[in-house]
Amino acid sequence: MSDAVAAIRDWVIRGKKNEAIAATREALEAGADPGAIMKDGLIAAMSVVGEKYSSGEFFLPQMMIAARAMTEVVPILKPHLVGEAAESRGKAVIGTVQGDFHDIGKNIVRMMLEGGGYEVVDLGVDVSADQFIEAIRKEAPQFVLMSALITLTMEGMRRTITALDEAGLRAEVRIGVGGAPLTHKYAAEIGADFYSEDAYECVKACDRLIESARAEAGR
Ligand code: B12
């Protein structure tokens, strides 16, 4: 990892948003790879913050100021990470499940999908199964994407999928799930169509599903 990326990571861990912003601008001007700033700088910072919180070195306020620093740096990176797509590839409804207020990862997924040419309807955080159902009826998306960061709130994904089934909507959409505590195994167990470990993989998974639906329709 370059010194510039390490510096951004360390400013975010310390919650120093102005310094993190300045370091990010400088690194971009010096030609640093924006993908590396995201992955090895910002996302790595959040892992360290999570570890420090788990070990008792950090408390909620430190976690909050680090999260705020990260949230402020992301828009600076956005134009360097995502292009302008010419045509819409498809529509996705995205939200963080009920009881969960973590949205940094979801917002990155939304940003990368928009850059990849998808129209994204963002339902925000603490989204109930009923709210997902209402949005599917209104928006008719190809994809429903759910994020969860807390082990206990992951069950909101299962509840939502069951509710979609009961509402007769399950076959209308492809369901993708993600968030730090998720696994392929859990995604399969609750009947999701895919799990991706990061935003880049999520765009690729949606692309693959769109391509196979097109191939199927052309057959
Ligand atoms: C920042 C943070 C916060 C911030 C959130 C700010 C915000 N606006 O989101 C604040 C300080 C508010 C917060 C609050 C809490 N937090 Co918190 N938080 C974190 C922390 C440090 C980082 C999360 C993060 O943003 N990571 C960076 C992003 C980019 O990564 P990501 O979310 O995983 O997203 C990537 C992928 O997972 C994927 N992805 C994400 N979503 C989706 C969706 C789809 C469809 C797909 C395909 C992919 C995908 O793509 C993303 C980008 O590549 C984690 C630690 C950790 N290691 O995760 C704890 C952590 C998640 N928090 C935790 C806890 C306990 C809490 C609180 C309960 C604390 C409290 N006592 O109040 C509250 C929860 C309140 C609530 N009900 O939601 C625990 C959860 C423990 C558990 N396993 O259940 C963790 C793991 C910390 C810890 N080690 O204990 N938190």
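Helix H3 covers residues 34–55, a run of 22 residues that spans 30 Å from its first C-alpha to its last, close to the 32 Å expected at 1.5 Å a residue. The expected span is 1.5 Å times one less than the number of residues. Helices here are DSSP runs of H or I with at least four residues, strands are runs of E with at least two, and both are numbered from the N terminus. This is a predicted model, in which local features need pLDDT of at least 70 and side-chain atom pairs count only at pLDDT 80 or more, while totals for chains, interfaces and linings use all residues. Residues are numbered from 1 along each chain as its sequence is written.

Let us stay with H3 for a moment. H3 bends by about 30° at Ala44, the bend being the angle between axes fitted to the seven residues ending there and the seven starting there. Among its buried residues are Ile37, Gly41, Leu42 and Val49. A residue is buried if 20 or more other C-beta atoms, placed from the backbone, lie within 10 Å of its own, exposed if 12 or fewer do, and partly exposed in between. The cover over the buried residues of H3 includes helices H1 (3–13), H2 (17–29) and H4 (60–81); contact here means C-beta atoms, placed from the backbone, within 7 Å. After H3 comes Gly56, with a positive phi near 90°.

Next, the sheet. Five strands form an open sheet in the order E2-E1-E3-E4-E5, with parallel pairing. Its edge strands are E2 (118–122) and E5 (194–195), each pairing on one side only. Two strands pair if DSSP finds at least two bridges between them, and E1 (residues 90–96) pairs with E2 over five bridges. In this pair, Gly90 stands opposite Tyr118 in E2.

And the ligand? It is surrounded by 37 residues, and the closest are Gly50, Gly105, Ser147, Gly178 and Asp198. A residue counts as near a molecule if its C-beta atom, placed from the backbone, lies within 6 Å of it. H3, H4, H5, E3, E4 and H9 each give two or more residues to this shell, and H3 gives the most, with seven.

Finally, look at Ala180, in the loop between E4 and helix H8 (184–189). Why is Ala180 partly exposed? Ala180 falls in that class because 16 other C-beta atoms lie within 10 Å. Its C-alpha atom is separated by 19 Å from that of Val12, 168 residues apart along the chain.

Key: Contact = placed C-beta atoms within 7 Å.
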